[in-house]
Amino acid sequence: MIEARHLRVLRAVATTGSFSAAGRELGCTQPAVSQQMKALEAAVGTPLLIRAGREMRLTQAGEALVRHATGILAGLTAAEEEIAAIAGLRAGRVRLVSFPSGSSTLVPTALAALRAAHPGTRVSLEEAEPPRSVELLRQGDCDVALAFRYEGAAGAGEGAGEWEDLVVRPLLTDRLVGLVPERHRLARAGCVAIGELAGDPWIAGCPRCRGQLVQVCEGAGFTPRIDFATDDYPAVVGLVGAGLGVAVLPQLAVESVRPRGARTVELEPAVRREIVALTLPDLAQVPAVAATLEELVRAGAR
């Protein structure tokens with residue numbers, strides 16, 4: 001018989017590549033991990049791991065079992081949480097993954113409301129940009145993922161088809177804005193065609209946003225000259241404020257920092273991204289996860 005604890009250990013070994021690293025992640029000893037893997041292999045009747053140098057690699061059977069383990073463990077988590085809620089245990093645990101501008105704007109409002117309504121619910125937060133955040137959700141490493149997709153993005157792999165196996169809760173539509181130095185010739189313009197910035201040096205954001213920036217600029221007939229690239233929004237604002245270039249940032253990102261020395265301008269054509277909260281169908285039935293989703297929806301509506 002396959003036991004859930006053995007599946008958790010197998011997944012940890014597959015992720016970390018060794019018994020000792022898996023033991024550190026799970027808070028147990030290397031011999032304990034080895035013993036549980038032997039018990040699991042005995043239960044299924046075939047080897048699941050082979051040693052390759054200093055690493056442990058999955059056999060074909062091991063790969064198949066790890067693929068199924070995510071759904072099995074998610075289902076067990078949903079069952080445990082629901083049963084606990086029915087039995088009157090007012091506690092829950094939610095692992096939340098969010099992109100940085102969501103972490104500094106939507107998440108604090110949602111989690112403060114969640115704590116006030118359900119003080120026994122514990123929420124952990126990790127930051128990751130999509131599509132990595134969506135991968136973490138599918139791998140069973142988080143319960144709720146905040147993600148976004150751009151409207152009309154050519155070749156976007158994050159469309160409805162990509163998320164069709166997930167529960168999708170729309171939060172808000174976030175418009176991208178231009179960011180220029182205070183003394184820029186267009187700093188006091190109400191609305192700026194992105195082509196008017198063709199001759200300026202650019203500061204690019206995260207690689208995902210940079211791809212969207214290049215696509216929009218090329219649609220306006222030019223390729224941006226990117227002098228600086230950083231994933232840190234305050235650094236982008238600081239570079240613009242120092243007069244070193246212009247940038248395009250989501251409105252949420254601008255709200256999360258104080259743009260000293262820089263001004264925001266509306267861009268034409270308008271570029272928007274849809275902000276959503278995602279979870280697995282089984283997890284959506286877990287009371288703590290459902291409550292977290294509801295508070296995120298309310299935060300997006302404010």
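Trainee: At what angle do helix α5 (residues 100-117) and helix α10 (residues 287-301) pack?

Mentor: The model is predicted: local features need pLDDT of at least 70, side-chain atom pairs count only at pLDDT 80 or more, and totals for chains, interfaces and linings use all residues. Residues are numbered from 1 along each chain as its sequence is written, and side-chain values use heavy atoms, without hydrogens and water. Axes are lines fitted to C-alpha atoms, for helices over the stretch in contact, and angles run from 0 to 180 degrees between N-to-C directions. The axes of α5 and α10 are 8 Å apart, and their angle is about 130°.

Trainee: Why is α5 classed as it is relative to α10?

Mentor: Angles under 35 degrees count as roughly parallel, over 145 as roughly antiparallel, and 65 to 115 as roughly perpendicular, with the rest oblique. The angle of about 130° therefore makes α5, relative to α10, oblique.

Trainee: Which residue in the turn between β1 and β2 has a positive phi?

Mentor: Helices (H or I, at least four residues) and strands (E, at least two) are DSSP runs numbered from the N terminus, and two strands pair if DSSP finds at least two bridges between them. Strands β1 (residues 49-52) and β2 (residues 55-58) run antiparallel, joined by four bridges, and Arg 51 stands opposite Met 56. They form a hairpin with two residues between them, and the residue with a phi of about 70° is Gly 53.

Trainee: Is Pro 281 buried or exposed, or in between?

Mentor: Pro 281 lies in the loop between β12 (272-279) and α10. Beyond its neighbours within four places in sequence, Pro 281 is in contact with Asp 165, Leu 166 and Val 167. Buried means under 20% relative accessible area, exposed over 50%, and partly exposed in between (1.4 Å probe, protein chains only). With a relative accessible area of 41%, Pro 281 is partly exposed.

Definitions and conventions:
Contact means heavy atoms within 4.5 Å.
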